[in-house]
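Dear colleague,

I am handing over the structure below for your attention.

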Amino acid sequence: MKRGAYLFAAADCASCHTDVKNNGKPLAGGRALATPFGTFYGPNISPDPKTGIGDWTEAQFHRALREGINEHGRYMYPVFPFTSFTGMSDADISDLWAFLRAQAPVEQRNKRHEVSFPFNFRFGLVFWRTLFFREGPLAPDPAHDAEWNRGRYLADAVAHCGECHTPRNFLGAMKTSEAYAGNPAGPDGQKAPNITPDPAKGIGKWSLDDIETVLKTGQLPDFDFVGSGMAEVVKGTSELTDADRHAIAVYLKSLKPIPGS
Amino acid sequence: MMKKSLQFGAAAAAVAVVIGMGAVATMAEDLAAVVKERQGLMKQQSDDLKVIKAYIDGGTDQAAAVEKAKSLTAISAKLPEVWPAGTSSKDFPGKSNAKPDIWQDMTKFKATLATVKAADEKLLEALEKGDRAAAGAAFGDLGKNGCGACHGSFREKLT
């Protein structure tokens with residue numbers, strides 16, 4: 001349960017599945033996320049049997065995160081970042097499931113996504129997935145040590161940093177060759193900055209401590225404080241252990257520096 | 001040939017329009033100036049925080065840290081006054097990072113500013129006592145529940 005709660009914070013599920021802005025109940029969904037493909041509404045993931053995931057099996061939950069397939073066997077839009085969560089281990093997905101099951105059920109119907117034409121036809125996802133989706137889990141890279149691998153696992157799979165910070169192509173898929181180089185058209189129209197170690201456009205001049213400080217408190221090296229989407233992220237990353245934040249910092253600093261957008 | 005009264009009326013109208021335009025232009029200038037002023041206040045705060053953090057971490061120059069904390073409390077008293085309507089990121093795209101949410105939820109916004117003021121005062125108190133541990137805690141509290149809280153809800157960095 002504690003492990004599940006930890007993963008819940010790291011993955012920041014609450015940001016998309018709790019409508020904080022409108023004082024929504026925890027995990028009841030309803031939060032609007034504007035994207036270049038339409039506005040999506042985070043579904044209810046409280047264990048309510050009628051309107052949440054209370055009637056799901058653990059296998060269905062695994063399928064959702066690992067394969068991006070919902071309880072009706074239909075493909076989910078990659079607004080749900082299963083493209084990253086697929087990297088999570090079976091054990092972690094099970095822990096997260098146990099945690100969610102123990103939360104308070106809230107009855108709240110899901111809002112229909114407002115998907116722009118022609119993306120509102122789900123079958124298009126078949127092609128999208130063939131082109132862009134590689135199923136996980138993430139295997140450790142033997143060329144790097146345990147700490148680096150932990151950092152990569154947290155950043156790429158759980159905290160799914162790339163989903164905001166990696167530029168996307170015209171079909172909305174992450175351009176993996178430019179990983180973490182920033183996305184000027186991020187969710188809700190926010191600009192997600194370049195967090196590769198590029199010295200001019202990225203965080204090349206930052207120390208590991210600088211990165212860990214942002215993740216812990218939201219404070220930037222120039223004593224500015226992050227806002228909007230990243231502030232929500234920090235609510236979660238502030239609950240990680242110092243070692244985990246350090247691992248993420250180590251991983252980020254090892255990335256290919258990309259001058260980017 | 002217009003009648004004298006009509007001429008007068010037309011002239012008065014023309015003058016009114018020019019004054020009106022001038023007034024609008026001045027108002028826009030005033031609002032732009034407010035945006036610049038508060039961005040200056042924000043920058044001053046980050047400069048102040050830097051000096052304070054140096055004392056908290058290294059123990060040197062407590063006097064400077066206290067001075068900067070006094071500057072922070074003074075700024076926090078001024079902050080509630082620099083958000084006139086018409087200065088949001090929609091009104092000044094590319095210049096202002098102030099989300100329209102501020103004016104939609106002025107009560108919550110002002111409450112956050114009050115939190116900043118209270119946190120600044122606590123920080124000042126700890127620094128005056130020379131209690132670096134307490135100052136560190138107050139610094140963290142200011143960052144998380146003050147600066148961070150306000151930026152989280154009300155600032156969008158579009159520039």
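**Findings**

Chain B has an average pLDDT of 89, and 84% of its residues score at least 70. The model is predicted, and for the complex the predictor reports an ipTM of 0.77 together with a pTM of 0.88.

**Chain A as a whole**

Chain A contains 11 helices and 3 strands. Along the sequence these elements follow the pattern α-α-β-β-α-α-α-β-α-α-α-α-α-α. The radius of gyration of chain A is 18 Å, close to the 18 Å that the globule rule gives for 261 residues, so chain A is as compact as a globular protein of that length. Taken along the principal axes, the box filled by the C-alpha atoms of chain A is roughly 50 × 40 × 40 Å. Of the 261 residues in chain A, 41% are buried. Among the contacts in chain A with a separation of 6 or more, 61% are accounted for by residues 24 or more positions apart.

**The sheet of chain A**

The 3 strands of chain A form an open sheet in the order β1-β2-β3, with antiparallel pairing. Strands β1 and β3 of chain A are the edge strands, each pairing on one side only. Strands of a sheet pair through backbone hydrogen bonds, either parallel or antiparallel.

Strand β1 (residues 32-35) of chain A is joined to strand β2 (residues 38-41) of chain A by 4 bridges. With 2 residues between them, β1(A) and β2(A) form a hairpin.

The domain assignment divides chain A into domain 1 (2-132) and domain 2 (146-253). Taken over C-alpha atoms, the centres of domain 1 and domain 2 of chain A are separated by 22 Å. The contact between them takes 18 residues from domain 1 of chain A and 21 residues from domain 2 of chain A. On the side of domain 1 that touches domain 2, the elements giving two or more residues are α1, β1, α4 (82-85) and α6 (124-132) of chain A. The largest share of that side, 4 residues, comes from α1(A). By residue class, the side of domain 1 of chain A that touches domain 2 of chain A divides into 13 nonpolar, 4 polar and 1 charged.

After α1(A) comes A:Asp12, whose phi is positive, near 55°.

**Chain B**

Chain B has 5 helices and 0 strands, which read along the sequence as α-α-α-α-α. Buried residues account for 30% of the 159 residues in chain B. Of the contacts in chain B between residues at least 6 apart in sequence, 66% join residues at least 24 apart.

**Where the chains meet**

How many residues of chain A are in contact with chain B? There are 15 residues of chain A in contact with 14 residues of chain B. Helix α10 (residues 228-237) of chain A supplies the largest share of the chain A side, 4 residues. The residues on that side of chain A divide into 5 nonpolar, 6 polar and 4 charged.

Helix α9 (residues 208-217) of chain A has the buried residues A:Ile211, A:Glu212, A:Val214, A:Leu215 and A:Thr217. What covers these buried residues of α9(A) includes α10 and α11 (242-253) of chain A, together with α5 (132-154) of chain B. Just after α9(A), A:Gly218 takes a positive phi of about 85°.

With kind regards

Technical notes. Residues are numbered from 1 along each chain as its sequence is written. Chains are lettered from A and ligands numbered from 1 in the order in which they are written. This is a predicted model: local features need pLDDT of at least 70, side-chain atom pairs count only at pLDDT 80 or more; totals for chains, interfaces and linings use all residues. A residue is buried if 20 or more other C-beta atoms lie within 10 Å of its own, exposed if 12 or fewer, and partly exposed in between; C-beta atoms are placed from the backbone. Two residues are in contact if their C-beta atoms, placed from the backbone, lie within 7 Å. Two strands pair if DSSP finds at least two bridges between them. Ala, Val, Leu, Ile, Met, Phe, Trp, Tyr, Cys and Pro count as nonpolar, Asp, Glu, Lys and Arg as charged, and the others, Gly among them, as polar. pLDDT is the predictor's confidence in each residue, from 0 to 100. Domain bounds come from an automatic or database domain assignment. The radius of gyration is taken over C-alpha atoms; the globule rule is 2.2 Å times the number of residues to the power 0.38.
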